[in-house]
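Open the model in your viewer and keep the selection panel at hand. Each stop below names something to select, then says what is there.

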Amino acid sequence: MKVVVLGANGFIGSNIIKYLLDNDIQVLAIVRSQNKSIFKNNELVSIITYKEYFDYDISSFDAVINCAGVAHIFSKRKIYYDVFHTNTSLSVKLFNHAVKNSVEKFINISSASVYGELFSEEPVKETVDKNPNTIYGCSKLLTENIISELQSEFSVTKVINLRPPIVYGKDAPGNFERLRQFTMIGIPLPIKNIKGKRSVLNIINLCDFIIVCLQYDLSESITLNISDPKPINLNEFINIIDYYSGQKTKSFSINKYILKALFFAIGKKETFNKLQHGMVLDISSIKKTFNWQPKDFYEISNNISIHPES
């Protein structure tokens, strides 16, 4: 089997490539710059730039996995251009090239942020109304919609849109890394009373499903939520961060009204609401369609040999 991976230098893309190589799958890695590629000394991975990709014949490849994307921007100066150019415009061009070359599968790593913040008692299904409240979420939803419109019923290329929540694992960037750095300060955290549960996704589970998806005979395009089997609260997530950091963060309880006042005082009302209410994804569709069961964190941590990044 031969697979193209777009965004090969990123956290998700690089881990997927390691998993593909472990399963004897040939990889064509697409990067912004070959000089910065972490796979440039690996004989099992062919590397080309995005510019070269659009002139490259990929008709012999079985799938394209789109991990290209901008999520973690700390400067607002170019935020609109960077996010929509990479997440939408570039992704659509990458999809069109896959269609042009009659590649069977285009696996698009979208995001659960397309739903916005749904404070629902019920798990969020793929069919609910989408209302993204971030630029990132808007760009991901726009990409899904444009690709859907461009698809022809006669097209060989089938699209699998995956909507993960926060993806965590060793060396994960973004919110995971910011939380890790915060816990490294070593101060006890008043988080024991924060009960809101949120879906998260271990990079191991994402990589594992990619392998299952590549081997599956897909008759039509599909959009799927994907996450770990059980949602977790902030205290449990901090425990996971501690696992990867090799430390132990102390936590304690505080009256929720005092905690709320503290969050509001520092201008973090929205953050408090997210932590208290949570957001859980319904993953029944992906489990039923592909007969796939994600592992919980404790299964993964007890079998360190399955970590692609180790």
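In which strand is I48 found? Select residues 45-49: this is strand β3, and I48 is in it. A note before going further: the model is predicted.

**Stop 1**

Keep I48 selected. I48 counts as buried because its relative accessibility is 9%, and the cut-off for buried is under 20%.

**Stop 2: the nonpolar cores**

Nonpolar side chains tend to be buried together in soluble globular proteins. Which residues have the most contacts inside the largest nonpolar core? Select L20 and L162. The core around them has 69 residues. Next, colour residues 203-215. This is helix α6, which gives the most to this core, with nine residues.

Return to L20 and show what surrounds it. Leaving out residues up to four places away in sequence, L20 touches V3, V5, I25, V27, I65, I211 and L214.

Another core lies apart from the largest one. It has 20 residues, and V4, V64, L90 and A98 are among them.

**Stop 3: α5 against α7**

Select residues 175-183 for α5 and 234-245 for α7. The two helices pack with their axes 10 Å apart, at an angle of about 80 degrees. That angle makes α5 roughly perpendicular to α7, since 65 to 115 degrees counts as such.

Show the side chains at the contact. From α5 come F176, L179, R180 and T183. From α7 come F237, I238, I241, D242, Y244 and S245. How many of the residues in this contact are nonpolar, polar and charged? There are six nonpolar, two polar and two charged residues.

**Stop 4: N202**

N202 lies in strand β8, residues 200-202. Is N202 buried or exposed? It counts as buried, because its relative accessibility is 0%.

Now look for polar partners. The side chains of N202 and Y244 are joined by a polar contact of 3.2 Å. A second polar contact, of 3.5 Å, joins the side chains of N202 and Y168.

**Stop 5: two buried loop residues**

Go to the loop between α5 and β8 and pick I194. With a relative accessible area of 2%, I194 is buried. What is I194 in contact with, leaving aside its neighbours within four places in sequence? Select N233, L234, L259, L275 and Q276. For a view along the model, draw a distance from I194 to D217. They are 23 residues apart in sequence, and 43 Å apart in space from C-alpha to C-alpha.

Then move to the loop between β5 (105-109) and α4 (135-150), where V124 lies. V124 is buried too, with a relative accessible area of 3%. Beyond residues up to four places away in sequence, V124 touches Y115, L118, N225, M279, V280, L281 and D282. Draw another distance, this time to V64, a member of the 20-residue core. V124 and V64 are 60 residues apart in sequence and 27 Å apart in space, C-alpha to C-alpha.

**Stop 6: the ends of α8**

Select residues 256-265 for helix α8. Which residue caps its N-terminal end? It is N255: a side-chain oxygen lies 2.8 Å from the backbone nitrogen of Y257. Now go past the other end. G267 follows α8, and its phi is positive, near 75 degrees.

**Stop 7: positive phi without glycine**

Two residues remain. Select S102, in the loop between α3 (79-100) and β5. S102 is not a glycine, but its phi is positive, about 55 degrees. At 41% relative accessibility, S102 counts as partly exposed.

Finish at D171, in the loop between β7 (166-168) and α5. D171 is not a glycine either, and has a positive phi of about 65 degrees. Is D171 buried or exposed? D171 is exposed, with a relative accessible area of 63%.

Definitions and conventions. Residues numbered from 1 in each chain as written. Predicted model: local features only at pLDDT ≥ 70, side-chain atom pairs only at ≥ 80, totals over all residues. Heavy atoms only, no water. Axes fitted to C-alpha atoms, helices over the stretch in contact; angles between N-to-C directions. Helix = DSSP H or I, 4+ residues; strand = E, 2+ residues; numbered from the N terminus. Parallel < 35°, antiparallel > 145°, perpendicular 65-115°, else oblique. Contact = heavy atoms within 4.5 Å. Nonpolar A, V, L, I, M, F, W, Y, C, P; charged D, E, K, R; others polar. Core = buried A, V, L, I, M, F, W, Y, C linked by side-chain atoms within 4.5 Å. Buried < 20%, exposed > 50% of the residue type's maximum accessible area, 1.4 Å probe, protein only. Polar contact = N/O pair within 3.5 Å; in protein donor to acceptor, adjacent residues only side chain to side chain.
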